[in-house]
Amino acid sequence: MTNTLPPRAGRRCHNALNPLHSSLYFSPDLDRELSALGFEDRSAMRLAARSAPLGAVGAGTVAATFYNYNHELLARHLPAVWETASPAEVLAARLRAVDATLRRLLGEDAVASPEMAEAAELALRAAEACTRHARPLYSANADLPVPEEPHLAYWHATTLLREHRGDGHLAALLSAGLDPVEALASHTATGKGMAPRWVLGSRGWRRIDWEGAVQRLRDRGLIDAEGELTEAGTALRADLEEHTDRLDAAPYEHLGAAGVERLTELGRGFLFAAAAAGAFPEDLVGKG
């Protein structure tokens, strides 16, 4: 594919869209909706919410498609969560939670704005060029109907674009030879990933798993004695993102430079408003 966009334009657009999508997983609205279905464990809620498009799958499928979750954590909840509620019921609850979350974070005016409708149209147009092969989470979400309301259609489109890039990123991680915890630890070492306590709390790994991964990265010369990325480690992470960019170029090339620039602008506006409204924990990102 010929690259006609400015360098990293697609990545910048992804970085503007993805966090607003992810705000759902920190939302009390998701807790409320899934609690009403009978869920009690927050880990079970989040695993159900993200994996529901795949159907009533078990721990093995989710371990493969999520990549960096501990299979032991997944096996505690899957496939048992589907005895509490069906995937269809979880998907309906998920969409209700998205509606409540976006209205709470952005306000009614933004939800009903022409800018929201424009962002939804642009993001859906970009997603037209996403591909299904070797992209299980994207493909499963692409089977879902597009919601009618623009703010829900926008969230749906960000889901498609997020999971399309994410599925490609897993191929890049495999190519780089990073196992699940090494991938997490090296990302955290960049200063842009989740803080270790959030990783361990949400992915089911123990401190000994984290320390073992850091040691393996040291042995490869990717992290130094102080836990910082070496020159080789920095280059590896940069190569990973560039590899992911290449695998994820199609939707942004399809949208075109002007469309990508406008979608990035709109996405950043919604994201900054959501962040200012408390969408994310203050200590979510960091090395400590």
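The model is predicted, so local features need pLDDT of at least 70 and side-chain atom pairs count only at pLDDT 80 or more, while totals for chains, interfaces and linings use all residues. Residues are numbered from 1 along each chain as its sequence is written, and side-chain values use heavy atoms, with hydrogens and water left out.

**Overall fold**

Of the 288 residues, 52% count as buried (under 20% relative accessible area; exposed is over 50%, partly exposed in between; 1.4 Å probe, protein chains only).

**Nonpolar cores**

A nonpolar core is a set of buried Ala, Val, Leu, Ile, Met, Phe, Trp, Tyr and Cys residues joined through side-chain atoms within 4.5 Å. The largest core holds 61 residues, and F39, Y154 and F270 are among those touching the most other members. Helix α7 (residues 87–106) gives the largest share of this core, 8 residues. A second, separate core of 23 residues includes A185 and L240.

**Salt bridges**

There are 25 salt bridges in the structure, each a side-chain nitrogen of Lys or Arg within 4 Å of a carboxyl oxygen of Asp or Glu. Here are three of them, with the distance between N and O atoms:

| Pair | N to O distance |
|---|---|
| D29 and R32 | 2.9 Å |
| R125 and E121 | 2.8 Å |
| R216 and E182 | 2.6 Å |

R216 lies in helix α14 (residues 207–219) and E182 in helix α12 (residues 180–189), so this pair ties together parts that are 34 residues apart in sequence. E182 is buried at 6% relative accessible area, whereas R216 is partly exposed at 34%. Salt bridges with shared partners also join R11, R165, R237, E241, D245 and D248 into one network.

**Cysteines**

The disulfide count is 0, where a disulfide is a pair of cysteine sulfur atoms within 2.5 Å. The sulfur of C13 is 11 Å from the closest cysteine sulfur, in C130, which is too far for a bond. C13 is buried at 0% relative accessible area, and C130 is buried at 10%.

Notes. Helix = DSSP H or I, 4+ residues; strand = E, 2+ residues; numbered from the N terminus.
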